[in-house]
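Please look over the chain shown here before reading on.

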Amino acid sequence: MQILVVGGTGWLGGTVVRAALERGHEVAALSRGRSGRPADGVVALTADRDHAEDLGRALAGRRFDAVVDTSGYTVAGARSTAEHLADVGAYAYVSSLNAYRDFPPGPVTGTDGPTWDEESDEYGPMKAASERVLGAALDGRLLVARAGLIIGPGDPTGRLGWWLRRMQRGGRVVVPAESRDVPVAFVDVRDLAGWLVGSVEAGRSGAVNATGDAGMTTYGGLLDLCRDVVGDDAAEPVRFVERDDAALLAAGVQEWTDLPFWLPVAQARTLWRVDTTTARAAGLPSRPVERSVRDLWAWLRERPAGADVAGAGRARPPVGLPDDVERALLGPAGR
Ligand SMILES: NC(=O)c1ccc[n+]([C@@H]2O[C@H](COP(=O)([O-])OP(=O)(O)OC[C@H]3O[C@@H](n4cnc5c(N)ncnc54)[C@H](OP(=O)(O)O)[C@@H]3O)[C@@H](O)[C@H]2O)c1
């Protein structure tokens, strides 16, 4: 097949490109050219998809059997691909669980829960509006993958990477006490990418909550895994220092970003509860979290700290506990 990967130089997009090449497809990757070059053997197309004329110029004279769209960040960008690529046989759009009006805090109980209905470039409403724009143009040939939290090697968000780096520094590490037993769920970037390619091959359509099943590990289990995977790479032995939600909030810890993936326990209990029936029925694989974490660490340990959070294409919010907040939470040694 001739497959166009929109955003094929990004993290997920680059992984989709590799999966498509491995499966013998002819692949083109479209980006603005800010986040590097696509893999060898791939046709590089340069355009800003937010501008329909620019996109039209880059696509002139080309036809594709399928599109995997990993770079939907504006409704205008969905409109322009709807305008220029609506003749493809299959179009997979990477949306987000944030397309649901009730997420966060969730739970997400199926794929037909209410999505945002206003038109806006706020992340969740933007994904929902983009789904509608593409759905109207593709007429039964659109697959919407509402992705959950993506993890794995190459992760440019620095979220799970921060925890691994923190374990590498070792010593006393602040961890949330109350979320320890909360079941969590992720999707590995390679599982999602390979499945997206298989889905356009199969002409799969409809909407899927594209993540793993809650309970593949717990929040505490994830942190144990990070500590164990870093293992002997740690500068000194890791000792977890548990702090409850009230103490974290009082110290000014920002939810979700300062201690990546941490939310006060009442929200955390619903956030990860996502019905993945359609994903499992559609064959989305879900490898053990341990493999994702091990492979991310193998990727990170080859890089100097800080070099792994790629800001190439777009700004990413900073993650990690500021040193002064960590010191205040840890208090005197021995506690
Ligand atoms: N990370 C998660 O946990 C998560 C969860 C749910 C959903 N998602 C979704 O997953 C998708 C992939 O995320 P990612 O982190 O892999 O993205 P990424 O690394 O930021 O890659 C984005 C790609 O899109 C290209 N791009 C961005 N804006 C563009 C534009 N206006 N015109 C043309 N190309 C453009 C970028 O290249 P240039 O910068 O060179 O243009 C790059 O190739 C996104 O749609 C995101 O919303 C992610």
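Predicted model: local features only at pLDDT ≥ 70, side-chain atom pairs only at ≥ 80, totals over all residues.

Residues are numbered from 1 along each chain as its sequence is written, and side-chain values use heavy atoms, with hydrogens and water left out.

Q: Which are the edge strands of the open sheet of 7 strands?
A: Strands (DSSP runs of E, at least two residues, numbered from the N terminus) pair if DSSP finds at least two bridges between them. The order in this open sheet is E3-E2-E1-E4-E5-E6-E11, with parallel pairing. The strands that pair on one side only are E3 (43–46) and E11 (206–210).

Q: Is strand E8 largely enclosed or open, and how many of its residues are buried?
A: Buried means under 20% relative accessible area, exposed over 50% and partly exposed in between, with a 1.4 Å probe and protein chains only. Strand E8 (residues 171–176) is joined by 6 bridges to the parallel strand E13 (residues 238–243), where Arg 243 stands opposite Pro 176. E8 is largely enclosed by the rest of the structure, because the buried residues number 6 of the 6.

Q: Why do Phe 186 and Trp 272 count as an edge-to-face pair?
A: Rings of Phe, Tyr and Trp (its six-membered ring) pair if their centres lie within 6.5 Å, and planes under 30 degrees apart count as stacked, over 60 as edge-to-face and the rest as tilted. By this rule there are 5 aromatic pairs. The centres of Phe 186 and Trp 272 are 5.4 Å apart, and the pair is edge-to-face because the planes stand at 65°.

Q: How many residues apart are Phe 186 and Trp 272?
A: Phe 186 and Trp 272 are both buried. Phe 186 sits in the loop between strands E9 (183–184) and E10 (187–188), whereas Trp 272 sits in the loop between helices H9 (265–271) and H10 (277–281); helices are DSSP runs of H or I with at least four residues. The pair thus links distant parts of the chain, and the separation is 86 residues.

Q: What is the relative accessible area of Phe 261?
A: Ring pairs link Phe 261 into a cluster with Phe 186, Trp 256 and Trp 272. Trp 256 is partly exposed, at 22%, whereas Phe 261 is buried, with a relative accessible area of 3%.
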